[in-house]
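Here is a short briefing on a structure. Keep the sequence and the 3D view open while you read.

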Amino acid sequence: MAPLDGTMIHDITGPLAIQKFYEMGGKKVYDPERIILLFDHQIPADSIEAATNQVYMRKFAEEQDIHNYDINEGVCHQVTIEKGRAAPGDIVVGADSHTCMYGATGAFATGIGSTDMGFALKFGALYFKVPETIRAEVSGKFQKRVGAKDLILSIAADIGADGATYKAIQFTGKTISKMDMAGRMTLCNMAIEMGAKAGIVAPDKVTWEYMKGRRKMKSFDLDSDPDANYAEKRSYNVSDLEPTVAIPHNVDTGVPVGKVAGTHVDQVFIGSCTNGRFEDLEEAAEVLGKKKFNPKIRVIIIPASRDEYLKTLRAGLIEKFVKAGALVEAPCCGPCMGGAFGLIAPGEVSLSTSNRNFKGRQGSTEGKVYLCSPATAAASAITGEITDPREV
Amino acid sequence: MASKKTVQVKKVILEKSPVLANGRTWKFGDDIDTDAIIPGRFLTLNNPDELAKHAFEGTRDEFAKNVKEGDVIVGGRNFGCGSSREHAPLALIGAGVKVVIARSFARIFFRNSVNVGVLPVVCPDADKIPDGEKIVLKIKEGYLEADGKKFAIEPVPEFMQGIIDAGGLVEYAKNIKEIPTCTR
C-alpha cells in the first residue's frame, strides 16, 4: 500500500465514493487537509439529479471539514494543480481518469474508481502495482502553430490506445525542457489515452518556478537514475511534426491535418483539462486575428479554471472571442462531459481540443468527434471545415 | 486475510463460477470504452438497476432490453478503456452480468470491476468466442468452453485475489484495522 499525499473527488464520481466510504465503515476521512472536492462536470447543476448529488457532496465536505471548491473554480485537474495540491514527489489519486495530468508537476498521479476512492478517503493509502516506464524522448523545435497537443496525438497514434497499459510514460528530452507547464499538462493529461497509469515529467526549473506561491517546498532533484530500467524507449523529433488530428472514433488515430482538411464541422469546442489554459486560448486568439468565426457553426470556448478565465479576460481575449461570434462559458468540462450541454445531434461533427473522441462522447453515437490543437480548432472555426492553422 | 471465512468465500466464488456465467454471450469488439458501456448523460444515476436500463445505449440497444441474469460480456482488446466511471461495472451488475471476458482490459475498469464484484477474465482467444453462445467457465481449472472448444484463461493477479475472495473492496476494507504502508 502506498500513502497518499492528495485526493480529489468531483460531482460525477464523488457521490459513489462517499457512499463506499460509509459502506466501508468510514467515519472520519484520513486527513481533511489532503482531500479536495469540487464540481465541474455538470455545473451549474443541469438537472435535479445533479443538484441532489451536489448537495450530498457539500454536506460531506462540511461534515468532514474538507475543502470544497464547489462550482467556483473550474475543471478538477486544472484546479488541483493550480492550488498546489499536486507537487513534485507527491502521490495523488483522483476519481477521474485524467488525474494523470498532475504528472506535469513531477507527481505520481493516477485516476481511480469510486470504490478505490472510498478506500483512499478512509485509509489515506491504496494498493498499487509499481508501473514499468516507457521513456518518450522528444527533440526538435516545433513549427509555428504546432505544439504539445499535436505531439501527444502523434505519440498516441504511435503507441496505440492500449500500448502503455499499466505503464507510466515519462516525457523527457530537450523539447520537453523548453516546454511550458501548460504544454506539459496537455501531454500528461492524455497518457491515459494510451492506457497508461501515469504520465510524468521530471521536475526542473520550469516546474519549480510554477510551484512558487502554490506549495511551500524547497526544490530537490527528482530525475530518473542514469541507469534506470525502461520497459521501452521511444524517440520523437517534432521539427517536421504537422498539426495533427485524431479522427473518429478512437484517440490513437492521429493523422496530419492535411488528410482531413475540408471536413465540414458543425461545432468547435476549445477548452477542457487538456487544452483550456490561457496559453491555449492565446494561441487560438492569435490564429483568429481580426477574423470572425464562421456564423454557420457553433464555437464554444471554455477556460479550464477561474484563474485561466481571468488571465484570458484581462488580456482582452474574451471580448475578442465573443465579438468574433463564440460562446464563452464559465469554467467547466463543457461538451467533453457528453451530458451537461453542447451535445451534438446524429450526423453532426464536432472538432474539439479535448481528449476523447469515442462514439457518443459528446452526444449522439451517430455523431463524430475529431480531436485537435487549439490552433487547428481556431482555424477551422473560421472556415467551418477542418483547416491547417498554418494556412490561415 | 487468511481467516476461515475468507477461504470459504473464495471456494464459493470458484465453485459458483459456472453459475455466474450460465447465460448467453454478448460479443463486443476492441476498445469498448466506458462511455459506450454507460453514456455520460446517465452518470447522475448511482443505482445499478437504473444504470442497467441504459447500458450500451446507442452502441447496442438490444442489450439492455434482452440481457438476463448470468449473461456474459465478451470483449476484444482494451475493454473498458477511457473514463474511470465506476457506473460502468455497476450498470453491468444491474443487468445481471457478473463476468466479463476479454483479450485484455483497461487498467481502471479492471480494478473497478474487481472492487465492485464483476469478475474480469482475461482470455487471449476471446475473439473466437461467438455471440449468443452459452459458455462454461472453469476458473479454477484455468479455461472456458465455448462452441465446443476449450480456451485458456489467465489467473487474476495474486494481490487482487484477496479482494475477490472477500467479495469486493468494501468487504475487504471492513476487515482492515490498520494499513501497512510502504515508505519512501
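The notes below go from the overall layout to single residues.

This is a predicted model: local features need pLDDT of at least 70, side-chain atom pairs count only at pLDDT 80 or more, and totals for chains, interfaces and linings use all residues. Residues are numbered from 1 along each chain as its sequence is written, while chains are lettered from A and ligands numbered from 1 in the order in which they are written.

**Layout**

- Chain A is divided into domain 1 (2–126), domain 2 (133–219 + 226–237) and domain 3 (244–391). These bounds come from an automatic or database domain assignment.
- Chain B has eight helices and seven strands. Helices (H or I, at least four residues) and strands (E, at least two) are DSSP runs, numbered from the N terminus.
- Of the 184 residues of chain B, 48% count as buried. Buried means that 20 or more other C-beta atoms lie within 10 Å of the residue's own; exposed means 12 or fewer, and partly exposed is in between, with C-beta atoms placed from the backbone.
- In chain B, residues 24 or more positions apart account for 67% of the contacts with a separation of 6 or more. Two residues are in contact if their C-beta atoms, placed from the backbone, lie within 7 Å.

**Helix α1 of chain A**

- Helix α1 (residues 14–23) of chain A is largely enclosed by the rest of the structure, because seven of its 10 residues are buried.
- Those buried residues are A:G14, A:P15, A:L16, A:A17, A:I18, A:K20 and A:F21.
- Within chain A, they pack against β2 (6–10), β3 (35–38), α2 (48–64) and α4 (114–123).

**The four-stranded sheet of chain A**

- The strand order is β10-β9-β8-β11 in an open sheet of chain A, with parallel pairing. Two strands pair if DSSP finds at least two bridges between them.
- β10 (198–200) and β11 (232–237) of chain A are the edge strands; each has a single partner strand, so one side of each is left without a neighbour in the sheet.
- From one strand to the next, the twist averages 20°. Axes here are lines fitted to C-alpha atoms, for helices over the stretch in contact, and angles run from 0 to 180 degrees between N-to-C directions.
- Strand β9 (residues 168–172) of chain A runs parallel to β10(A), and three bridges join the two.
- Opposite A:I169 stands A:G199 in β10(A).

**Nonpolar core**

- The largest nonpolar core has 178 residues. Such a core is a set of buried Ala, Val, Leu, Ile, Met, Phe, Trp, Tyr and Cys residues joined through C-beta atoms within 7 Å.
- A:A191, A:A378, B:A91, B:V100 and B:I101 touch the most other members.
- Helix α5 (residues 148–159) of chain A gives the most to this core, with seven residues.
- A:A191 is in contact with A:C100, A:G103, A:A164, A:I169, A:A196, A:A198 and A:G199, leaving aside its neighbours within four places in sequence.

**Contacts between chains and domains**

- Across the two chains, 37 residues of chain B are in contact with 46 residues of chain A.
- α6(B) supplies the largest share of the side of chain B that touches chain A, six residues.
- That side of chain B divides into 14 nonpolar, 13 polar and 10 charged residues. Ala, Val, Leu, Ile, Met, Phe, Trp, Tyr, Cys and Pro count as nonpolar, Asp, Glu, Lys and Arg as charged, and the others, Gly among them, as polar.
- The centres of domain 2 and domain 3 of chain A, taken over C-alpha atoms, are separated by 23 Å.
- 17 residues of domain 2 of chain A are in contact with 22 residues of domain 3 of chain A.
- On the domain 2 side, the largest share, six residues, comes from α5(A).

**Two residues of chain B**

- B:I32 is found in the loop between β1 (25–27) and α2 of chain B. B:I32 is buried, with 27 other C-beta atoms within 10 Å.
- Not counting residues up to four places away in sequence, B:I32 touches B:I37, B:G75, B:F79 and B:G80.
- B:V114 is in helix α6 of chain B. B:V114 is buried, with 24 other C-beta atoms within 10 Å.
- B:V114 and B:I163 are 49 residues apart along the chain, and their C-alpha atoms are separated by 7.1 Å.
- B:V114 touches B:P120, B:M160, B:I163 and B:I164, not counting residues up to four places away in sequence.
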